[in-house]
Amino acid sequence: MWLIAAFEGPTLLGVAAIVSAIGGIASTIMALRKSTDEQHVHALEQLAATRAESERLAAELHALKLEASGEGQLRPSGRGS
């Protein structure tokens with residue numbers, strides 16, 4: 001008789017399984033959110049580093065152009081010549 005009663009209504013083991021499953025789903029959702037936030041922060045850090053590198057290289061290129069044009073003097077643009 002106890003076997004029939006175990007299948008007819010919710011048991012402690014069944015309730016524990018449902019609670020465990022809900023806890024697993026909740027922890028998975030929190031882990032995914034944390035992972036997404038960490039990836040976003042990492043992407044912003046990479047973007048800032050890339051921008052700084054780009055600005056440094058642009059300044060270096062500008063200095064090289066000025067040097068190539070002759071002692072920092074700009075050449076005429078060639079308009080009207």
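**Close-up 1. Span of helix α2 in the predicted model.** Helix α2 has 57 residues and should span 84 Å at 1.5 Å a residue, and its end C-alpha atoms are 83 Å apart, which agrees. The expected span is 1.5 Å times one less than the number of residues; helices (H or I, at least four residues) are DSSP runs, numbered from the N terminus. This is a predicted model, in which local features need pLDDT of at least 70 and side-chain atom pairs count only at pLDDT 80 or more, while totals for chains, interfaces and linings use all residues. Residues are numbered from 1 along each chain as its sequence is written, and side-chain values use heavy atoms, with hydrogens and water left out.

**Close-up 2. The salt-bridge network of Glu 53, Arg 56 and Glu 60.** A salt bridge is a side-chain nitrogen of Lys or Arg within 4 Å of a carboxyl oxygen of Asp or Glu. Arg 56 pairs with Glu 53 at 2.7 Å, N to O, and with Glu 60 at 3.0 Å. Within α2, Glu 53 lies three residues from Arg 56, and Glu 60 lies four residues from Arg 56.

**Close-up 3. The salt bridge of Glu 38 and Lys 34.** The closest N and O atoms are 4.0 Å apart. Because Glu 38 and Lys 34 are four residues apart in α2, about one helical turn separates them.

**Close-up 4. The segment after α2 (12-68).** Ser 69 lies in this segment, and its side chain reaches the backbone oxygen of Leu 66 at 2.8 Å. Gly 70, which follows α2, has a positive phi, near 110 degrees.

Terms used:
Helix = DSSP H or I, 4+ residues; strand = E, 2+ residues; numbered from the N terminus. Polar contact = N/O pair within 3.5 Å; in protein donor to acceptor, adjacent residues only side chain to side chain.
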